[in-house]
Amino acid sequence: MEIDLEQLRTLIYRRTDEIEKSVAGTGYLPRTVIGVGIFLLDNHGDLDLLTSKQQATFEKFIKPLLETSVRR
């Protein structure tokens, strides 16, 4: 999967309210999801560098939010 880094940057820095809503009641912290997003930004969107836990966080929270923003 190719990540649109500008879209990811917008999600992490301008759409944190959506991240907070998506993690509500899941036991995940918004800062965990944001941390995975920042890690991806710092590493040019290279998903291969994510640990299995980070990959799960990406798949569960970040990817759906990025897909939602594509449909807007």
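Visitor: Which residues touch the most other members of the largest nonpolar core?
Guide: Keeping in mind that this is a predicted model, the residues of the largest nonpolar core that touch the most other members are Leu8, Leu40, Phe58 and Ile62, out of 18 residues in that core.

Visitor: And which elements give two or more residues to this core?
Guide: Those elements are H1 and H2, together with helix H3, which covers 30-42, and helix H4, which covers 52-71.

Visitor: What is Phe58 in contact with, leaving aside its neighbours within four places in sequence?
Guide: With those neighbours set aside, Phe58 is in contact with Met1 and Ile3, with Val36 and Leu40, with Leu47 and Leu50, and also with Lys63, Pro64 and Leu66.

Visitor: Let's move to H1. Which residues are buried there?
Guide: The buried residues of H1 are Gln7, Leu8, Leu11 and Ile12, and because they cover an arc of only 130° around the axis, they sit on the same side of H1.

Visitor: What does the face turned away from that buried side carry?
Guide: That face of H1 carries exposed residues, namely Glu6, Tyr13 and Arg14.

Visitor: How do H1 and H2 pack, then?
Guide: Helix H1, residues 5-14, and helix H2, residues 16-23, pack at an angle of about 75°, and their axes are 5 Å apart; the two helices are therefore roughly perpendicular to each other. On the H1 side the contact is made by Leu11, Ile12 and Arg14, while H2 brings Thr16, Asp17 and Ile19.

Visitor: How do the residues of that contact divide?
Guide: The residues in the contact of H1 with H2 divide into three nonpolar, one polar and two charged.

Visitor: Which residues of H2 are buried?
Guide: In H2 the buried residues are Glu18, Ile19 and Val23, and seen down the axis of H2 they fall within an arc of 125°, so they line one face of the helix. Just after H2 comes Gly25, which takes a positive phi of about 80°.

Visitor: New topic: where does Phe39 lie, and what does it touch?
Guide: Phe39 lies in helix H3 and, not counting residues up to four places away in sequence, touches Leu49, Leu50 and Gln54. Phe39 and Leu50 are eleven residues apart along the chain, and their C-alpha atoms are separated by 8.5 Å.

Visitor: What is the relative accessible area of Phe39?
Guide: Phe39 has a relative accessible area of 28%, which means that Phe39 counts as partly exposed, since buried would require under 20% and exposed over 50%.

Conventions:
Residues are numbered from 1 along each chain as its sequence is written. This is a predicted model: local features need pLDDT of at least 70, side-chain atom pairs count only at pLDDT 80 or more; totals for chains, interfaces and linings use all residues. Side-chain values use heavy atoms; hydrogens and water are left out. Axes are lines fitted to C-alpha atoms, for helices over the stretch in contact, and angles run from 0 to 180 degrees between N-to-C directions. Helices (H or I, at least four residues) and strands (E, at least two) are DSSP runs, numbered from the N terminus. Angles under 35 degrees count as roughly parallel, over 145 as roughly antiparallel, 65 to 115 as roughly perpendicular and the rest as oblique. Contact means heavy atoms within 4.5 Å. Ala, Val, Leu, Ile, Met, Phe, Trp, Tyr, Cys and Pro count as nonpolar, Asp, Glu, Lys and Arg as charged, and the others, Gly among them, as polar. Buried means under 20% relative accessible area, exposed over 50%, partly exposed in between (1.4 Å probe, protein chains only). The arc is that of the directions from the helix axis to the C-beta atoms. A nonpolar core is a set of buried Ala, Val, Leu, Ile, Met, Phe, Trp, Tyr and Cys residues joined through side-chain atoms within 4.5 Å.
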